[in-house]
Amino acid sequence: MAKTNNYKHWRSEKDDDDIVWLTFDKAGASTNALSKEVLEELESLLGGLEQDLPRGVIIQSGKDNGFIAGADITEFTTIADQSEAEALINRGQGIMDRIEALKCPTLSMINGFCLGGGLELALACDYRIADDGKSTRLGLPEILLGIHPGFGGVLRSTRLLGAPTAMNMMLTGRSVDARRAKRMGLVDQAVPTRHLQNGARQMILTKPPRHKARLMQRLSNAALVRPLLARVMRRTVAKKASKDHYPAPYALIDLWAKHGGNAKAMLRGEAHSVATLVRGDTAQNLIEVFFLQERLKNEGDKSLFTPLRVHVIGGGVMGGDIATWCALQGMRVTIQDRQHKTLARVIKRAHGLYKKKLKRPRPIQEALDNLVPDMDGLGIPQADVIIEAIFENVEAKQGLFKEIEPQMKEGAVLATNTSSIPLEILGEVLQKPDRLVGLHFFNPVAKMQLVEIVHTASTDPEMIKKAAAFTRHIDRLPLPVKSSPGFLVNRVLMPYLIEAVVLESEGVPASAIDQAAVDFGMPMGPILLADTVGLDICLSVAGILGEAMGTEVPDRLKQMVDAGNLGRKSGQGFYRYDKGQAQTPEPNMNDKVPDDLTDRLMLRFVNEAVACLREGVVADADLLDGGVIFGTGFAPFRGGPMHYLRAEGKEALHARLQTLEQAHGSRFKPDAGWNDL
Ligand code: NAI
C-alpha cells in the first residue's frame with residue numbers, strides 16, 4: 001500500500017484496488033475524539049482526495065476500543081461566545097458535507113463505540129459496516145451533555161431512519177449494538193470482526209444501492225405530520241425532564257418540527273441551536289458531571305489488579321445482586337448463603353436480569369455459567385475478592401470473618417458491604433485487620449453506578465487500590481471514603497430525609513414535599529425515597545447517625561415503623577401502594593406550603609455536604625459532587641451540591657441557612673466547614 005504519513009492523527013494508505021483507507025488514530029490519546037486539530041487534518045486530507053479522486057474511501061479507527069467516541073468535550077468549556085461556537089460547528093458541518101459530496105463511494109468501518117460526532121461522520125458516508133461484537137455501540141448521546149447533534153446528525157439521522165426512530169435515539173441518548181443498528185437501517189451490514197475489512201472493500205467495489213428510508217419513514221418528516229409528532233414528543237419528554245432544567249430535548253424537537261426535510265435550513269438551525277445550548281448553565285454543568293465521572297473512573301486503575309474470581313457471602317437483596325452483576329461482567333462468581341432457597345432465588349433473579357440485558361441465549365447461558373451457588377464456601381480459597389453481605393449484625397459478621405480469614409489466599413481482598421458498622425469494629429477479630437475494606441454498593445446494584453470504597457486510617461493502601469480497581473473491572477465508579485457514620489451518601493441524604501418527615505408531621509402534604517424536591521431537580525422526592533428504601537431501614541440508619549452526630553430522630557418515623565407501615569414493601573408508608581405503585585394524590589393548589597420548603601430540604605443536604613468535606617470523609621469537593629450525583633441522583637444539571645453552593649454564592653446560602661436556624665432551630669446551624677470554603 002502507498003502511504004502518506006505527514007499527519008499527526010490520521011494515516012492515509014492507498015491499496016491495490018485504488019481504495020484509500022483513512023485511519024484515525026488520535027495521537028497521545030487512548031480514545032478517538034474529534035478535536036479541532038483532528039478536524040483540521042481531516043479537512044486537508046479531504047482536499048487531497050477531492051483533487052485526486054480514488055476508487056473509494058474507507059474511514060477506520062486505529063484504536064481497538066472504538067471508532068470515534070464523539071467530539072472532544074474539553075473544547076466545549078472554553079468557547080467564548082455564540083459566534084465562536086457557531087463558527088466551530090459550521091466548520092465541522094462543512095467537513096461532513098464534503099465527505100458526503102465526494103464523487104467516489106465512501107464507507108465508515110465501525111468497531112467499538114461510534115458515538116456523537118463519530119456517528120455523524122459515519123452518517124455522512126455512503127455506507128456503514130459495523131463489527132457485530134459485544135463492544136460495538138452506536139448512538140447520538142449529545143442530549144446527556146445538554147446539547148444535541150450539530151454536525152448534521154439531526155438532518156441525516158431523521159432522513160435515513162425516519163423521525164420516530166431517529167428522534168427517539170437522540171432524545172434518550174441511548175446507543176444500540178450493531179445488530180440493532182442493522183435492523184434500524186443505521187448500518188448496512190453487521191459482521192464478525194474477521195469479515196469487517198473484506199466486507200468494507202467489497203461494498204466499495206460493488207457499490208450496492210444505499211439504504212433508504214421506507215415510505216412511511218420518509219412521510220414522518222413531511223410538513224403536515226411534523227407538528228403532530230412533535231406534540232407527542234414534547235409530551236413524552238415533559239414526563240422526564242422540565243424545560244427549565246433541561247432545555248436541549250425541547251430545542252431538538254423545535255428544530256426538527258421547524259426545519260425537518262429542509263437540509264439547508266436544518267443545518268443552519270443545528271449550528272445555531274447547539275451554539276446557544278452549549279454555553280448555557282445546564283450544558284456546562286452536565287459537561288462538568290461528565291468530567292466528574294471521568295475523575296471517579298480514574299480513582300480505580302484496572303491495570304493494578306486483575307480479579308478473576310469473586311466470592312460473595314449472603315444471597316439477600318444486596319449480596320445476590322452484587323454476585324449477579326459481577327458474573328454479568330465476566331467474573332467467575334461463587335455465591336454462598338445458609339439457605340438453598342435463597343440461592344435458588346438469586347439464580348432466578350440473575351436469569352431475569354441477563355435476559356433483559358443480553359437478550360440472546362448463548363451470552364445469557366455464559367453469564368449464568370459464571371454464577372455458581374456455593375453453600376459450603378468452597379470458592380473462598382480461590383477468590384481474588386471476597387464480599388460479605390450478610391445481616392447487618394456485628395457478631396454475625398465478626399464470626400464469619402474469623403472463619404474465612406485463614407482460608408483466604410495471599411493478597412486477596414476481604415470486603416464488607418456494611419452500611420453502618422465501623423470497619424474498625426469488624427476488623428477486631430482479624431489477624432490482619434488492615435486487609436479489610438468496605439465495598440459499599442447501593443440498591444439496586446444494576447442501576448446505581450457508585451460504590452463507596454471505605455477505609456480506615458490503618459487500611460492497607462494496597463487493598464484500597466485493589467478494591468477500586470475491582471470496582472472498575474465490574475464497570476462501577478469507585479469513591480474512596482473514610483470509615484465514618486453513613487460514609488458519604490447516606491450521611492448527606494439523612495438530614496434531608498429527616499427534614500421531609502418533620503415537614504410532613506407539621507402538616508405539609510407528602511406530595512407537596514416531594515414535588516418541591518423534584519422541582520429542584522432530584523430524581524424522586526424524599527418521602528417517596530424513604531418509603532422505597534423502607535422506613536425501618538431509614539429509622540435504623542437515622543438512629544445510628546443520630547447517635548453519632550447528636551441529632552434527633554423524628555417521632556413520626558418511629559410511630560410509622562411501630563404501626564408496621566414500612567413503606568412500599570408493606571403496602572403502606574407515607575403513601576399507600578397498589579401493586580408496588582405509590583398512590584400519590586395530585587398536589588392541591590389550596591395546600592398550605594411553607595415558602596422556605598425547598599431551602600429546608602436542600603440546605604440541610606448542602607450543609608451536611610460541607611460537614612463531610614470539613615471532616616475529610618472524601619478528599620475534595622469534586623469527589624463529593626461526583627459521589628453525590630452518582631450515589632443519590634442529585635440534580636445533575638446543577639453539577640452537585642458544592643457546585644450548587646458556588647453557583648448560588650457562598651455568602652447568600654450561608655445567610656439563608658442562618659435565617660432557617662432562627663426560624664426552625666439549631667439543626668440548621670451552618671457547619672463550621674463554611675468558614676474554610
Ligand atoms: P438481607 O437480609 O436481604 O440478606 C442477608 C442474607 O445473608 C440472607 O440471605 C441470609 O440468609 C444470609 N446470611 C446471613 N448470615 C449468613 C452466614 N453466616 N453465611 C451465609 N449467609 C448468611 O440483607 P441485605 O439487605 O442484602 O443487606 C446485606 C448487607 O448489605 C448489610 O450489611 C446491609 O447493611 C448492607 N447494605 C444494604 C443495602 C440495602 O439497601 N438493603 C444497601 C447497602 C448495603
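Tyr496, Phe520, Phe605, Phe634 and Tyr644 form one aromatic cluster. The model is a predicted one, in which local features require pLDDT of at least 70 and side-chain atom pairs count only at pLDDT 80 or more, whereas totals for chains, interfaces and linings use all residues. Residues are numbered from 1 along each chain as its sequence is written, and side-chain values use heavy atoms, with hydrogens and water left out.

Rings of Phe, Tyr and Trp (its six-membered ring) were paired if their centres lie within 6.5 Å, with planes under 30 degrees apart taken as stacked, over 60 as edge-to-face and the rest as tilted. In one of them, the ring centres of Phe290 and Phe291 are 5.9 Å apart and the planes stand at 70°, so the arrangement is edge-to-face. Phe290 is partly exposed at 28% relative accessible area, and Phe291 is partly exposed at 27% (buried, under 20%; exposed, over 50%; partly exposed, in between; 1.4 Å probe, protein chains only).

An edge-to-face pair is also formed by Tyr496 and Phe605, with 5.4 Å from centre to centre and 70° between the planes. Because Tyr496 belongs to helix α19 (residues 489-505) and Phe605 to helix α24 (residues 597-615), this pair ties together parts 109 residues apart in sequence; helices are DSSP runs of H or I with at least four residues, numbered from the N terminus. Tyr496 and Phe605 are both buried.

Charges over rings (NZ of Lys or CZ of Arg within 6 Å of the ring centre and within 35 degrees of the ring normal) were also examined. Arg638 lies over the face of Phe520, 4.1 Å from the ring centre, and Phe520 is one of the cluster residues. Arg604 lies over the face of Phe668 at 5.8 Å from the ring centre.

Terms used. Helix = DSSP H or I, 4+ residues; strand = E, 2+ residues; numbered from the N terminus.
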